[in-house]
Amino acid sequence: MRVHVATDHAAFDVKNVVVQALEERGYEVIDHGADGYDSEDDYPIYVIPAAEAVVADPGSLGIIFGGSGNGEAIAANKVRGVRAALIHSHDTAQLARQHNNANIASIGGRLHSKEQVIDLVLAFLTTEYSRAVRHTRRIDIISAYEQSL
């Protein structure tokens, strides 16, 4: 599976640890930056291209990081076709995939240990969408609204 990742300075070290962990497990990781630590960088310049790449790359998923993950989720969700979910526990990681068919997980790198972040990422990546009728119906409603904009 191909995984698109992005972060700003707030979770730069966390992103690098996750990239290594994913590559060791056989994932193909596309890193959209940041490429170096810059305390003044702006997450949208990394997150938006990663979100666009997920939409353009069927079957891929995205993992984006920030201090809290909130702003990153907001930015990613501006990209048509993205369903980015703020992940803060093993359950929210799984439910984002099972119930919402989320294609991007947004994680606060300052809120979890590196080990916890790896667990959240793996829970997200290894959980399948349930394809339950009620969940599909709800996603279809959201998608129809998004297309009407």
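**A close look at the pockets**

Analyst: Helix H6 gives the most to the lining of the largest pocket, with 6 residues. Before we go further, please keep in mind that this is a predicted model, where local features need pLDDT of at least 70, side-chain atom pairs count only at pLDDT 80 or more, and totals for chains, interfaces and linings use all residues. Residues are numbered from 1 along each chain as its sequence is written, and side-chain values use heavy atoms, with hydrogens and water left out.

Now for the word "pocket". Rolling a probe the size of a water molecule over the atoms shows where empty space is left. Here a pocket is an open set of points, on a 1 Å grid over the protein atoms alone, where a 1.4 Å probe fits and where protein lies on both sides within 12 Å along at least five of seven lines; a lining residue has an atom within 4 Å of a point. The largest pocket holds about 290 Å³ of space. Its lining is made of 18 residues, and Asn-77, Val-82, Arg-83, Ile-142 and Glu-146 are the closest to its centre. A volume is the space filled by probe spheres set on the grid points, which are joined across faces, edges and corners.

Which elements build this lining? Strand S4 (84-87), helix H4 (90-100) and helix H6 (133-148) each bring at least two residues to it. Helices (H or I, at least four residues) and strands (E, at least two) are DSSP runs, numbered from the N terminus. Sorted by class, the lining has 9 nonpolar, 4 polar and 5 charged residues. In this sorting, Ala, Val, Leu, Ile, Met, Phe, Trp, Tyr, Cys and Pro are nonpolar, Asp, Glu, Lys and Arg are charged, and the others, Gly among them, are polar.

The second largest pocket has a volume of about 160 Å³. Among the residues that line it are Val-54, Asp-57, Pro-58, Arg-83, Ser-143 and Glu-146.

A salt bridge means a side-chain nitrogen of Lys or Arg within 4 Å of a carboxyl oxygen of Asp or Glu, and the count comes to 3. In one of them, the side chains of Asp-57 and Arg-2 meet at 2.5 Å, N to O. This pair links distant parts of the chain, 55 residues apart: Asp-57 is in the loop between H2 and strand S3 (61-66), while Arg-2 is in strand S1. Asp-57 is buried, with a relative accessible area of 12%, whereas Arg-2, at 30%, counts as partly exposed; buried means under 20%, exposed over 50%, and partly exposed in between, using a 1.4 Å probe and protein chains only.

Arg-2 also forms a salt bridge with Glu-28, with the closest N and O atoms 2.9 Å apart. Glu-28 sits in strand S2 (residues 28-31) and Arg-2 in strand S1 (residues 2-7), 26 residues apart. Together, Arg-2, Glu-28 and Asp-57 are linked in a network of salt bridges.

Another salt bridge joins Asp-31 and Lys-15, whose closest N and O atoms are 2.7 Å apart. Asp-31 lies in strand S2 and Lys-15 in helix H1 (residues 12-24), so the pair ties together parts that are 16 residues apart in sequence. Lys-15 is buried, at 1% relative accessible area, while Asp-31, at 33%, counts as partly exposed.

Finally, let us step back. The chain has 6 helices and 5 strands, and along the sequence they follow the pattern β-α-β-α-β-α-β-α-β-α-α. Of its 149 residues, 48% count as buried. Contacts between residues 24 or more positions apart make up 71% of the contacts with a separation of 6 or more, where contact means heavy atoms within 4.5 Å.
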